[in-house]
Amino acid sequence: MALRLRDESTAVQKRVQAKNPTKEVPRSIELSVCCQARDIFYHNYVVGSTKPFNFLQTFYLPTCKDEHLSRSVDAVALAYLNYQRQSPSAEEEARQHYVSAIACTSAALRSPDEAKQDSTILAILLLDLYEKITNKDPTFYGAWAAHLSGALTLVKLRGDQQFKEPSIVRMLMRLSTNLLISCVASGRPVLADLVALRNTLAAHFPTPADPKWRESDLMIEFASLRQDVEKGVLSDLDAILALIELDAKFAKLGGEVPPAWQYETVQVEVKSSHHYESFHHVHPAENVAQMWNTLRLTRLSINEFICSRCLNLQRRQNSSPALLAIHQCATSAIKEMASDICATLPQYIEDPPLSFVQAFTETEPPHTMSKVETRISPAGQADPTHHLPCYRLIFPLFVAAQSSAVSPSMWKWVIKQLRFMADYHAIENAMSAAKILESGEKPEIWKVYAMLGSYAFVC
């Protein structure tokens, strides 16, 4: 019986195959450049680990009928693809979509109804992101800042009803964060309308325990104080006292982060080529590492201001013990912040194949550590879609290496790490940052931040 059943099964298979002859299945389907761009953009910005544009899932679908939004998505996605692959076709197509998106968005803004739609504000956010990817000059007062200012105006026209929808609130939080960073990077004062928006957001969705929100509140204070210090509004002594007070607020924030935002310090017996000291930090998520490094590089900048003002006073009058103590304390803070920034690197720079390590250095052991996520593919090569966590460390490392209290050994170590990123991850801007350090130039750090793509990559 079993044999007869098997024979009948075979006969059935033959009859089916006779009626449906096998067709050759193509080995692969080639996606258009635009489809590839959307996939990569969504992976890194919408559904990835940091999800800076996760609210886009609510408003945008492939069948989206809002042409200004769909064109904006395509423009920024293609610009991002060009950044990753240096693709002339993607660059040209991105520019075409951007021009079309500008025209469609301008038409929407002329309509009283369309101008207030969620899709219009989202399109403007994406057009701003395009500018950050393609235009690296923070002092450019045209499109680099104009898009966000326009979006802020639209928010005022929409009224309080918009604050009742969580996805819209997330979008407005992203708008407020990006506008704040633009103000800091370009040296412009924080707009009163931006402060009002943040206050409204906080009233509708209180976030007292969110360290990133508290940190951005302090960044507003930093931007305002930095303006006063650089323009000479405050005397050197008053500036020092105000800077010390602000630094204490950042330090207090660092001591009050909830457990979910804390990191672990791991000691190592043998340092790898990616360890500056015999320890590294392990963060539970990339956004946690970003929060900490933003805090560190801001405190480092504050203490640089303190040191420079102390030196100004010392040149004009004899050094007092109190002034020397303040300078020494600020220098110690700079060294501590720089050390902690360097300790972030091992978790995210990735373990290269042994052959690459041997080419990188014949005298140092391979990168070995515990509790660190490995991002190497089975073939032994770095996955290009996972290099962003490494990319986001370029700016903090640059700030650490350019600080006044940096040691020669740390300076050389940072340059070596940046060159590794350029060679292994093919990150061109890592080499650019390394060359700036090697040249001995001292550009304003926020110009370097803009060169690196601002929050387009360092979300």
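Here are a few questions and answers on helix packing, a cavity and a salt bridge in this predicted model.

Reader: At what angle do helix 8 and helix 9 pack?
Author: Two packed helices are described by the angle between their axes and the distance between the axes. Helix 8 covers residues 166–186 and helix 9 covers residues 192–204. Their axes sit 10 Å apart, and the packing angle is about 145°.

Reader: Which residues of helix 9 make the contact with helix 8?
Author: Helix 8 passes helix 9 in a left-handed crossing. On the helix 8 side, the contact uses Val169, Leu172, Met173, Leu175, Ser176, Leu179 and Leu180. Sorted by type, the residues of this contact come out as nine nonpolar, one polar and one charged. From helix 9, the residues are Leu194, Leu197, Arg198 and Leu201.

Reader: How much space lies in the largest cavity?
Author: Rolling a probe the size of a water molecule over the atoms shows where empty space is left. With a cut-off of 30 Å³ or more, the count is one cavity. The space in the largest cavity is about 40 Å³.

Reader: Which helix gives the most to the lining of the largest cavity?
Author: The lining includes His274, His275, Tyr276, Glu277 and Phe279, along with Ser339, Cys342, Ala343 and Pro346. By type, the lining residues split into five nonpolar, three polar and one charged. The top contributor, with four residues, is helix 13 (residues 321–348).

Reader: What separates Glu92 and Arg95 along helix 5?
Author: The structure has 18 salt bridges. In one of them, the side chains of Glu92 and Arg95 meet at 2.8 Å, N to O. These two are three residues apart in helix 5 (residues 88–109), so the separation is about one helical turn.

How values were computed: Residues numbered from 1 in each chain as written. Predicted model: local features only at pLDDT ≥ 70, side-chain atom pairs only at ≥ 80, totals over all residues. Heavy atoms only, no water. Axes fitted to C-alpha atoms, helices over the stretch in contact; angles between N-to-C directions. Left-handed = near helix turned anticlockwise from the far one by under 90°. Contact = heavy atoms within 4.5 Å. Nonpolar A, V, L, I, M, F, W, Y, C, P; charged D, E, K, R; others polar. 1 Å grid on protein atoms, 1.4 Å probe; cavity = no way out; pocket = protein on both sides within 12 Å on 5 of 7 lines; lining within 4 Å. Points joined across faces, edges and corners; volume = space filled by probe spheres on them. Salt bridge = Lys/Arg side-chain N within 4 Å of Asp/Glu carboxyl O.
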